[in-house]
Amino acid sequence: MEHQTRSFASKQKPPGTKNLSHRFNSRKLYYLIYQYRIFSSTDTLPENWDEVSAQSLFLQSAYLRVLENSAPSNIRCEFIGIYQQQELIATAMLQQVDLAQLDGFGSRDNGILSSLRNLLFKQFSSKLAILGNNMLTGQHAVSFSNKADKSAVLTTLKHYLSTLNPAPHHSIFKDFEHSDRSMFDLPTFKKSLEFSSQPNMFFDLHSDWKKESDYVLALTKKYRDQYKRARKKADGIEKRQLTLEEIKQLETEINQLYRHVAENAPFNTFFLAKNHFYALKQELGDAFRFFAYFENGQLIGFNTLIHHDEILETYFLGYDEKVQREKMLYLNMLYDMVGCSIHNGFKRINFGRTALEIKSSVGAQPEQLYGWMQHENKLINRYLGFFFKLLEPEVKWIERNPFKS
C-alpha cells in the first residue's frame, strides 16, 4: 500500500541555512519543494529505489523485504521516498517502535532502579519514531542521490515525523557520523537534543594482512597469548557455515540461543522473529553468512555476518552461556570474524556498540555516532538532556591496544 503523496516547502529562508535553497540560474533563487511518499510494502517501491539507496545495503529492497517478512513484533516499518517534482532524490526508513510490548528493557540495573527505569520508559518513552534502523548500528536512516540537498531532505523528514498521529513520545534521527553533524544545524532541529551513547566499534584491517597468522604476528606478546589461550580452549568445537535449509532445520535451537543473549543484554528494545535469519539468507544469499558452532553434534553458538561493500557487518549472535565461559566462545567468534575479513579482502569490520572492552582487545577502535531526539511533551523536552543521562548512564570501560607500536 502506498500512502498519499505530500509536499513540504520551506516558507522562508532562515538565517544561516542557505543550503535549503537551490540556484537554478544566476538571476533568480527558488526554494526547494520536496515531496515525500510513504511506502508500507516493497512491492510498491519505485524501480530506481535501490539505485538511490546505494549508500546503504540496509535501505535496499532485499533487506527491506526481510523486515517486511520478519521484523520484530513491536516494530513497524515505513519506507520513505523523497522527490523533487517527479524525481526520486533520497530514500529513508522510519521504524515505529512500541516498547510497551516488552516486559522489560534489559538487565543493566537491578531492584528499584530497574523498576523505576521500566516505569518511566513505559509511561513517557515507550512510543518511538526512529528515522533509521533500531536493529543495527550505523547510518542506515537515509540515502541521498547526488542531486539531493541533504539539509532540505532532513527538514522534509522532520516535518513528516511531526505529522504522525498518534504522536510518538520521541522522534529520533539515529546514528549519524561526526561529519554529518553540520547537516542538522537547522532551525527545525533547534529544539532537538543532540545525543551520543556508547561508541561504535570499528576494526580497520591492514592491507598487508593476507592470512589470519599475519594478524596474530602484529599483536603484542600479551595479546598473542590471549589469542593462543582462546584457540586452545575451543579445541573440540566444530565450526561450519550453514545453508538456507540448515538454518530452517535448526530454527528452534537458533532462536533459543539468540534469546538467551538478548534477554540478558544490558539494554534491549526488541526481539527478532523466529524466522529472521532464514528470511535474511533467503533474500541476501551469499551476502549473508551464518556460522554455527557445535560440540558433540549439539549447536552451542552462532554468529552472523553481512557483506556491505568493503565492510563486514557483524549482525546478531547467540550462545550457551556455560559453554561460552568454558570455551571462551565469544572471543573465539571475534577472532573468527577477523579471520573471515582477512580471507575475503574486507577493509573494515563494524563490530557494533556492545562489549566494548573485549572488542577493543582484538583491535577494534571506538567511533562516536550522533542522534537527534525530540520529545512530544514540551516540558519533558526542555529537560531531555537530564533524563537521557539519568536513564542512559555513561558506560565505563578501558580501551585496549593489542598491536605492536
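Me: How many of the eight residues of strand 13 are buried?
Reply: This is a predicted model, in which local features need pLDDT of at least 70, side-chain atom pairs count only at pLDDT 80 or more, and totals for chains, interfaces and linings use all residues. Residues are numbered from 1 along each chain as its sequence is written, and side-chain values use heavy atoms, with hydrogens and water left out. Buried means under 20% relative accessible area, exposed over 50% and partly exposed in between (1.4 Å probe, protein chains only). Strand 13 (residues 288-295) is largely enclosed by the rest of the structure, because the number of its eight residues that are buried is seven.

Me: How many bridges join strand 13 to strand 14?
Reply: Strands are DSSP runs of E with at least two residues, helices are runs of H or I with at least four, and both are numbered from the N terminus. Two strands pair if DSSP finds at least two bridges between them. Strand 12 (residues 238-241) pairs with strand 13 in the antiparallel sense over four bridges. Strand 14 (residues 298-308) also runs antiparallel to strand 13, and the bridges joining these two number eight.

Me: What is the phi of N296?
Reply: Strands 13 and 14 form a hairpin with two residues between them, and N296 is in the turn. At 79% relative accessibility, N296 counts as exposed. This residue is not a glycine, yet its phi is positive, at about 55°.

Me: What is the omega of the peptide bond from N165 to P166?
Reply: P166 is placed in the loop between helix 4 (150-162) and strand 9. The bond from N165 is cis, and its omega is near 5°.

Me: How many residues apart in sequence are F173 and F189?
Reply: Rings of Phe, Tyr and Trp (its six-membered ring) pair if their centres lie within 6.5 Å; planes under 30 degrees apart count as stacked, over 60 as edge-to-face and the rest as tilted. The structure holds 28 such pairs. In one of them, the rings of F173 and F189 have centres 5.0 Å apart and planes at 85°, so the pair is edge-to-face. F173 lies in strand 9 (residues 170-176) and F189 in the loop between strand 9 and strand 10 (193-195), so the pair ties together parts whose separation in residues is 16.

Me: In which helix does F388, the partner of F195, lie?
Reply: The pair of F195 and F388 is tilted, with 5.2 Å centre to centre and 50° between the planes. F195 is buried at a relative accessible area of 15%, and F388 is buried at 19%. The two are 193 residues apart, with F195 in strand 10 and F388 in helix 14.
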